[in-house]
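Please open the structure in a viewer and keep the selection tool at hand.

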Amino acid sequence: MDKLLICPSILAADFRNLAAELGRVANADYIHVDVMDGHYVPNLTFGPMVARAVQDVADIPLDVHLMVTNPDECLELFVPLRPGFLTVHYEACTHLQRTLARIREAGIKAGVALNPHTPLAGLEYVLDDLDLILVMTVNPGYGGQEFIPSMEQKIAAARRLIGSRRIRLQVDGGISLDNLNRVVSLGADTIVAGSAVFQAADPMAYIDKMRAIG
């Protein structure tokens, strides 16, 4: 397996002092930015201005997750930020291959996210356009939810689908030290964690413990 990447989600950060919060996760591999439009998911978070502010403060690449109804229209807002990964939802893309190709043409790694109920079927046709598959292990929209146990088999199936391809397998939702070993054993190599990290007494030590599992 590739090196385990830890991506704290700023959705769980204290926005009263975002700069200080980002300093608490300075050893992270990526900063996960959950962009929610209040339509595709029942929550409204932040857009490119906040993402740019995160970049200005933290010397860590962004992992941008677009939970929006119109990802193709939003690409032009986030591509200029040059994130490490830019992920769109399978369910929101009418022409997924074209959307992923646009991201890659901009020199950015392209990801596709799947909600818990969404099958993997169909991804086999866009594997050559992918750098990351994100298996949502909670229903997107809110932080602090519990991991859905049935997603274990989906993670394992995604790993089988990826095979030997250089595609990261990311999981997001309810991940902590309590279940990380199991998730990694199923094939995940890129971990999004929000509440578990930011609510830890020492987030950087917590990240080190997570990384050690990989």
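Is Phe15 buried, partly exposed or exposed? Select Phe15: the residue is partly exposed, with a relative accessible area of 39%. The model on the screen is a predicted one.

**Aromatic pairs**

A pair of aromatic rings is described by the distance of the centres and the angle of the planes. Across the whole structure, a search finds two aromatic pairs. Phe15 sits in the loop between strand S1 (5-8) and helix H1 (18-23), while Phe46 sits in the loop between strand S2 (31-36) and helix H2 (48-57). The pair thus links distant parts of the chain, 31 residues apart. Phe46 is buried, because its relative accessible area of 12% falls under the 20% limit for that class.

Next, select Tyr30 and Phe85. Their rings also form a tilted aromatic pair, 5.2 Å centre to centre, with 55 degrees between the planes. Tyr30 belongs to the loop between H1 and S2, and Phe85 to strand S4 (residues 85-89), so this pair ties together parts that are 55 residues apart in sequence. Tyr30 counts as buried at 13% relative accessibility, and Phe85 is buried with a relative accessible area of 2%.

**Salt bridges**

Side chains of opposite charge can pair when their charged atoms come close. How many salt bridges does a search of the whole structure find? The search finds ten salt bridges.

Select Asp29 and Lys3, whose side chains meet in a salt bridge (3.3 Å, N to O). Asp29 lies in the loop between H1 and S2 and Lys3 in the segment before S1, so parts 26 residues apart in sequence are tied together. Asp29 counts as buried at 14% relative accessibility, whereas Lys3 counts as exposed at 52%.

Move on to Arg24 and Glu21, which form a salt bridge with the closest N and O atoms 2.9 Å apart. Arg24 is partly exposed, with a relative accessible area of 26%; Glu21 counts as buried at 9% relative accessibility.

Finally, select Asp189 and Arg159, whose side chains meet in a salt bridge (3.1 Å, N to O). Asp189 lies in the loop between helix H6 (180-185) and strand S8 (190-193), and Arg159 in helix H5 (residues 151-162), so the pair ties together parts that are 30 residues apart in sequence. Asp189 is buried, with a relative accessible area of 2%, while Arg159 is partly exposed, at 21%.

Definitions and conventions:
Residues are numbered from 1 along each chain as its sequence is written. This is a predicted model: local features need pLDDT of at least 70, side-chain atom pairs count only at pLDDT 80 or more; totals for chains, interfaces and linings use all residues. Side-chain values use heavy atoms; hydrogens and water are left out. Rings of Phe, Tyr and Trp (its six-membered ring) pair if their centres lie within 6.5 Å; planes under 30 degrees apart count as stacked, over 60 as edge-to-face and the rest as tilted. Helices (H or I, at least four residues) and strands (E, at least two) are DSSP runs, numbered from the N terminus. Buried means under 20% relative accessible area, exposed over 50%, partly exposed in between (1.4 Å probe, protein chains only). A salt bridge is a side-chain nitrogen of Lys or Arg within 4 Å of a carboxyl oxygen of Asp or Glu.
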